[in-house]
Amino acid sequence: MIRIASLVARVPGFALQADAFTVPAGAVAVVTGPTGAGKTTLLETIAGVRPISAGTITLADRDVTTLPPEARDVGLVYQSAWLFPHLPVRGNIAYGARSEAVVRELVETLHLDPLLGKPVETLSGGERQLVAIARALARQPRTLLLDEPFAAMDSALRNAMRVAVLGWASAHGATTMLVTHDGAEAALPAAVQLRVERGVVSVTR
Amino acid sequence: MTAPLPRVLLRAVATLCASLLVLALVLPVGTLVATAGAAGVLSAFAERDVLQSLAITIAGATIATLLAVAGGTPLAYVLARTPFRGRAVVEALLELPLVIPHPVIGMALLLAMGRNSALGAALAPVGLSIVNSPVGIVVAMLVVSAPLYILGAREAIARVDARLESVARTLGDDRWRAVRRITLPMARNGLVNSATAMWARSTSEFGAIVLVAYHPRVASVLAYDRYVTYGLPAALPVAAALVCVALGVLALVRMARRAERA
């Protein structure tokens, strides 16, 4: 579950504001909005990597407002992946993994076997995103924050990976927040639809 | 097809300027070593005074560099990552030793930490004094050269995107662990380069040390002492030996880095 109340986060240039919304446990929230509206900032504040000025953030029935990112049990996937360049693909996936078994399971589910020994700088944009997704999922977080995680993939891979990742999250009981510009993803039967415009978060469904 | 004339001319002028610059850098040192000759350098290495001064120089520079790495890396991290009021002032203060003439730094050290200062008086009962002591040599090297490390380390850390640390923290790392596992390994080349530059600068320091600690003599002070006491020919072997040691260490560092990349 993700519950936000009276959230204000100030970043240079604008302020992010969200009055109140709740994403039920295990459900998916889709976040849309124009570029630069504050969608990534919203995910970063929930993850705790960006400080907030006011409000409360509750994740999985815990008030995490003052907790550091490592204590929030979240997985954060950026659009540009931000893989650790000094580690190979396997090192990235296993970085925060709960177990070796979950790494193996994800490698199989996301078909990452051919990439495992590669240095990350040799990966394509889509491959990078896949590895970043696997790295976040390997932590088995209760809250999954995905910032356009499939944007660099072709449509066939994107559809397959969306099904695989959301299926994995659902099977593990993770509450997911998915930022997207993709029409098909925006039309997902999500429990909550959020729209971010000029820093203001509103619930559209 | 030939390049247009202005471009050819520009390339020729640039090559000439670069060659002159390299020559200006290499010629004096090359002449010094050539004049001293292999026999002169070897004879210098056989002298007890020279070996002692080289040992003091290398040990002093190494201790100063280790102290700067230990204390300067956290400071460099804060400067690179944390915006705070007065950061520009701290950075300007750090750059100050790079622009102040080093004898002036020596005078400042004597005033602040010499026998007649409050700090000097406080340290005297525990047997610590910067005047004519190895401690003074390390302190002078540290004050003069640590900014090279800290400012270089700040740049190296700033080049590592902070979002990588953010991701590491969502993967379970606390701040220190994320710095240790992500930022420091990624900034390592820059940190090593900065530490090497500081170490090299420390070994060649003269202006501040000569005022604070004429004894025990570091290599630069010994070369100067020989020069003013006995003249240039007597100072040459010591100076050439110092150049050879510095070149040797820099070559070793480069070889180690190349081996690591291979």
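1. Helices α3(B) and α6(B) are oblique to each other, because their axes pack at an angle of about 130°. The axes lie 8 Å apart. They are lines fitted to C-alpha atoms, for helices over the stretch in contact, with angles from 0 to 180 degrees between N-to-C directions. Helix α3 spans residues 87–99 of chain B, and α6 spans residues 134–158. Helices (H or I, at least four residues) and strands (E, at least two) are DSSP runs, numbered from the N terminus.

2. This is a predicted model: local features need pLDDT of at least 70, side-chain atom pairs count only at pLDDT 80 or more, and totals for chains, interfaces and linings use all residues. Residues are numbered from 1 along each chain as its sequence is written, while chains are lettered from A and ligands numbered from 1 in the order in which they are written.

3. The crossing of α3(B) over α6(B) is left-handed; that is, the near helix is turned anticlockwise from the far one by less than a right angle. On α3(B), B:Leu94, B:Glu95, B:Pro97 and B:Leu98 make the contact. On α6(B), the partners are B:Val143, B:Val144, B:Pro147, B:Ile150 and B:Leu151. Contact requires C-beta atoms, placed from the backbone, within 7 Å. Eight of these residues are nonpolar, none polar and one charged. Nonpolar here takes in Ala, Val, Leu, Ile, Met, Phe, Trp, Tyr, Cys and Pro; charged takes in Asp, Glu, Lys and Arg; the others, Gly among them, are polar.

4. Helix α7 (residues 162–170) and helix α8 (residues 175–203) of chain B cross at roughly 125°, with axes within 9 Å. They too are therefore oblique. Their crossing is right-handed. B:Leu164, B:Glu165, B:Ala168 and B:Arg169 of α7(B) meet α8(B) residues including B:Arg175 and B:Ile182.

5. Which residues touch the most other members of the largest nonpolar core? B:Ala140 and B:Val238 do, in a core of 123 residues. Helix α6(B) gives the largest share, 15 residues. Such a core joins buried Ala, Val, Leu, Ile, Met, Phe, Trp, Tyr and Cys residues through C-beta atoms within 7 Å. Beyond four places in sequence, B:Ala140 touches residues including B:Leu109, B:Glu205 and B:Val212.

6. Between the chains, 17 residues of chain A meet 13 residues of chain B. Strand β6 (residues 74–77) gives the largest share of the chain A side, three residues.

Definitions and conventions. A residue is buried if 20 or more other C-beta atoms lie within 10 Å of its own, exposed if 12 or fewer, and partly exposed in between; C-beta atoms are placed from the backbone. Two residues are in contact if their C-beta atoms, placed from the backbone, lie within 7 Å. Angles under 35 degrees count as roughly parallel, over 145 as roughly antiparallel, 65 to 115 as roughly perpendicular and the rest as oblique.
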